[in-house]
Amino acid sequence: MSTSPYKIYSKELGPMENFVYLVHDLKTDTAAIIDPAWEVEEVLSMADDKGITITDILLTHSHHDHINGLNKTLEHSDARIHLLKPEAQFWGADLTRPELHHGGDRIQLGETEINILHTPGHTPGSACYHIGDELIAGDTLFVFGCGRCDLAGGDPEQMFHTLKRLKTELPAATILHPGHNYAPQSPSSTMQAQCDGNPFLHFDHEHDFVKYRMRVHDRIRETPYHEVTKEEAMASINR
Ligand SMILES: [Fe+2]
């Protein structure tokens with residue numbers, strides 16, 4: 001029986017319920033920190049306590065609430081920063097040791113392979129990180145929600161196609177780890193549960209999705225997000 005080469009830890013930090021993740025490669029005791037922000041010291045000291053060296057920093061996107069612990073993390077660890085090239089261009093920041101990727105690239109962390117998906121919609125270069133049967137999704141997909149598309153660089157048409165791709169390409173058992181805790185109970189979920197109850201995965205047509213994302217959703221839902229059936233989602237855009 002094969003055992004997983006890695007373990008994922010998470011901490012919910014800051015006033016916006018952000019998750020900071022640590023992917024620990026068990027063989028080498030190295031780790032990637034994902035979206036270092038807020039009281040990131042808590043994650044850095046957790047790594048220290050476990051004897052783990054942080055070698056890589058992975059960014060799902062460049063919004064302030066996902067990167068405001070970047071400098072503290074760089075002071076703590078000589079880590080490389082990974083993000084997608086279109087996000088670096090959108091952001092325009094002068095980064096230390098950046099590695100700019102394209103969708104489909106892989107990052108090798110000891111024996112752990114991290115696959116990078118380009119998932120535009122929330123920002124032009126948003127990324128999801130696919131590790132084993134787990135997906136670290138940033139602000140692309142939340143438990144029963146998805147990221148806003150009305151901020152600079154957002155694009156609801158792109159988000160529609162991004163989510164359609166995640167829905168069709170990821171196995172149903174994939175565990176979803178979102179960028180914010182908007183969930184009613186367990187902070188993570190499965191793709192199966194999302195396909196069943198995430199309203200953003202219910203729309204078959206781009207124009208319906210765009211209407212729901214841009215004009216309907218924020219009027220009728222608030223966090224924590226609960227399950228929505230396909231019938232309920234369709235009814236809400238036809239009201
Ligand atoms: Fe964001």
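**Close-up views of a helix pair and an iron site**

**View 1. Packing of helices α7 and α8.** The axes of helix α7 (residues 206–220) and helix α8 (residues 230–237) cross at roughly 90° and come within 9 Å. Helix α7 is therefore roughly perpendicular to α8 (65 to 115 degrees). Axes are lines fitted to C-alpha atoms over the stretch in contact, with angles from 0 to 180 degrees between N-to-C directions. Helices are DSSP runs of H or I with at least four residues, and strands are E runs of at least two, numbered from the N terminus. The model is predicted: local features need pLDDT of at least 70 and side-chain atom pairs count only at pLDDT 80 or more, while totals for chains, interfaces and linings use all residues. Residues are numbered from 1 along each chain as its sequence is written, and side-chain values use heavy atoms, leaving out hydrogens and water.

**View 2. Residues joining α7 and α8.** From α7, Asp-208, Lys-211, Tyr-212, Val-216 and Ile-220 meet Met-234, Ser-236 and Ile-237 of α8 (heavy atoms within 4.5 Å).

**View 3. Donors of the iron ion.** His-61 (NE2), His-63 (ND1), His-122 (NE2) and Asp-139 (OD) are the protein donors, lying 2.2 to 2.4 Å from the iron ion. Donors are N, O and S atoms within 2.8 Å of the metal (3.2 Å for Na, K and Ca); water is not among the atoms, so sites may look incomplete. Along the chain, the donors follow the spacing H-x1-H-x58-H-x16-D.

View 4. His-61 has 1% relative accessibility and counts as buried (under 20% relative accessible area, 1.4 Å probe, protein chains only). Asp-139, at 5% relative accessible area, is also buried.

Terms used:
Angles under 35 degrees count as roughly parallel, over 145 as roughly antiparallel, 65 to 115 as roughly perpendicular and the rest as oblique. Buried means under 20% relative accessible area, exposed over 50%, partly exposed in between (1.4 Å probe, protein chains only).
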